[in-house]
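The entries below are kept in the order in which I worked.

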Amino acid sequence: MSKLWPYVTPGIPDDLFERLPGIPLSKREVRLLLVSLMRLQPNSIVWDIGAGTGTIPVETGLLCPQGRIIAIERDEDVANLIRLNCERFEVKNVDVIEGSAPDCLHQISHLPHRVCLEGGRPIKAILNEVWKYLQPHGRIVATASNLETLYSISEGFSELQVRNVEVVQSAINRLEKRGNHQTFEAVNPMFILSGEKLD
C-alpha cells in the first residue's frame with residue numbers, strides 16, 4: 001500500500017508520476033488495459049521491457065506484493081527515473097536492469113510468469129528471446145503504436161504459436177479544459193496484443 005496511492009485498484013493518474021522530457025509514459029487508461037490483460041497473481045514475476053517512466057512496474061509492484069517486477073531499460077537516466085517513481089510510491093519489489101533487450105535477458109535470475117513488452121528494436125527478436133524465458137502457462141502482453149510494430153508482433157505471435165491471442169485497440173478521449181471550454185482530447189490509439197504459452 002502506498003501513501004501516494006492508497007487504493008487496491010490500478011489506474012494511478014499520470015500526473016502523480018515524475019517525468020523526463022521525451023520519455024514515454026503509458027497513459028492511465030491504456031495501463032488499465034495492459035494490467036487487466038496480464039491477469040496478475042499476488043506472487044507473479046513480471047518482466048517489463050522498455051519500462052520508460054516506470055508506470056507499469058509501479059502499478060504491478062503494488063498489485064503483486066509477494067511478486068517480483070523486473071524493469072528493463074537501456075538508458076541510465078530513464079532507469080533512475082523508474083527508481084525514483086518506485087520510491088515515490090514506496091514500491092520495494094521492483095528490480096531495475098540497465099541494459100538492452102534481448103542481450104541483457106540472460107542476466108535475470110527470476111523467470112517471468114508475465115511479460116509486458118512496450119518497445120524495443122528489433123521487436124520480433126526481443127519477442128522470440130523473451131518467449132524462451134517465459135514460464136509455461138505464462139502470458140505476454142505487447143503494445144504497438146504503429147502498423148510496422150503491429151505486423152512484427154502479430155507475425156511473431158503466429159510463429160511462436162502463442163495461444164488464446166487477444167488484440168485490442170484503445171480509443172480513449174479525455175475531458176480537458178481549453179481556455180473557458182471543456183473539450184474531449186484523444187489519447188493516441190494503441191494496439192495491445194496478448195496471449196499465453198501453454199507448453
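What follows are my notes, topic by topic.

**Ground rules.** I am working from a predicted model, in which local features need pLDDT of at least 70 and side-chain atom pairs count only at pLDDT 80 or more, while totals for chains, interfaces and linings use all residues. I number residues from 1 along each chain as its sequence is written, and the side-chain values I quote use heavy atoms, with hydrogens and water left out.

**Backbone.** I looked for a cis peptide bond and found one joining Ala-101 and Pro-102, with omega at about 5°. Pro-102 sits in the loop between strand S3 (94–98) and strand S4 (114–117); I take helices (H or I, at least four residues) and strands (E, at least two) as DSSP runs numbered from the N terminus.

I then turned to positive phi values. His-137, which is not a glycine, has phi near 70°, and its place is the loop between helix H4 (123–133) and strand S5 (139–144). With a relative accessible area of 56%, His-137 is exposed; in these notes buried means under 20% relative accessible area, exposed over 50%, and partly exposed in between, using a 1.4 Å probe and protein chains only. Gln-161, also not a glycine, has a positive phi of about 60° and belongs to the loop between helix H5 (147–160) and strand S6 (163–169). I noted 52% relative accessibility for Gln-161, so this residue counts as exposed.

**Pockets.** I searched on a 1 Å grid over the protein atoms alone, where a pocket is an open set of points with protein on both sides within 12 Å along at least five of seven lines, the points being places where a 1.4 Å probe fits, and where lining residues have an atom within 4 Å of a point. For the largest pocket I recorded a volume of about 1000 Å³, a volume being the space filled by probe spheres set on grid points that are joined across faces, edges and corners.

Which residues lie nearest the centre of the largest pocket? Of the 41 lining residues, these are Pro-24, Leu-25, Gly-50, Glu-118 and Gly-119. Helix H1 (28–38), strand S2 (68–73), H4, S5, strand S7 (172–178) and strand S8 (181–187) each supply at least two residues of this lining, and the largest share, three residues, comes from S8. I sorted the lining of the largest pocket into 16 nonpolar, 15 polar and ten charged residues, with Ala, Val, Leu, Ile, Met, Phe, Trp, Tyr, Cys and Pro as nonpolar, Asp, Glu, Lys and Arg as charged, and the others, Gly among them, as polar.

The second largest pocket has a volume of about 240 Å³. It is lined by 16 residues, and closest to its centre are Met-1, Gly-61, Leu-62, Leu-63 and Pro-65. The lining of the second largest pocket divides into nine nonpolar, four polar and three charged residues.

**Salt bridges.** I counted 16 salt bridges in the structure, each being a side-chain nitrogen of Lys or Arg within 4 Å of a carboxyl oxygen of Asp or Glu. In one of them, Asp-14 pairs with Arg-31, the closest N and O atoms being 2.5 Å apart. Asp-14 lies in the segment before H1 and Arg-31 in helix H1, so the pair ties together parts that are 17 residues apart in sequence. I find both Asp-14 and Arg-31 buried.

A second pair is Glu-196 with Arg-139, at 2.9 Å between the closest N and O atoms. Glu-196 lies in strand S9 (residues 191–196) and Arg-139 in strand S5, so this pair ties together parts 57 residues apart in sequence. Glu-196 is buried, and so is Arg-139.

**Buried charges without a salt bridge.** Arg-114, in strand S4, is buried yet has no salt bridge, and the nearest side chain of opposite charge, Glu-196, is 7.4 Å away. Among the residues that Arg-114 touches, not counting those up to four places away in sequence, I listed Trp-47, His-137 and Arg-139, contact meaning heavy atoms within 4.5 Å.

Glu-73, in strand S2, is likewise buried without a salt bridge, with Arg-74 as the nearest side chain of opposite charge at 5.1 Å.

Conventions:
Lys, Arg positive; Asp, Glu negative; His and termini not counted.
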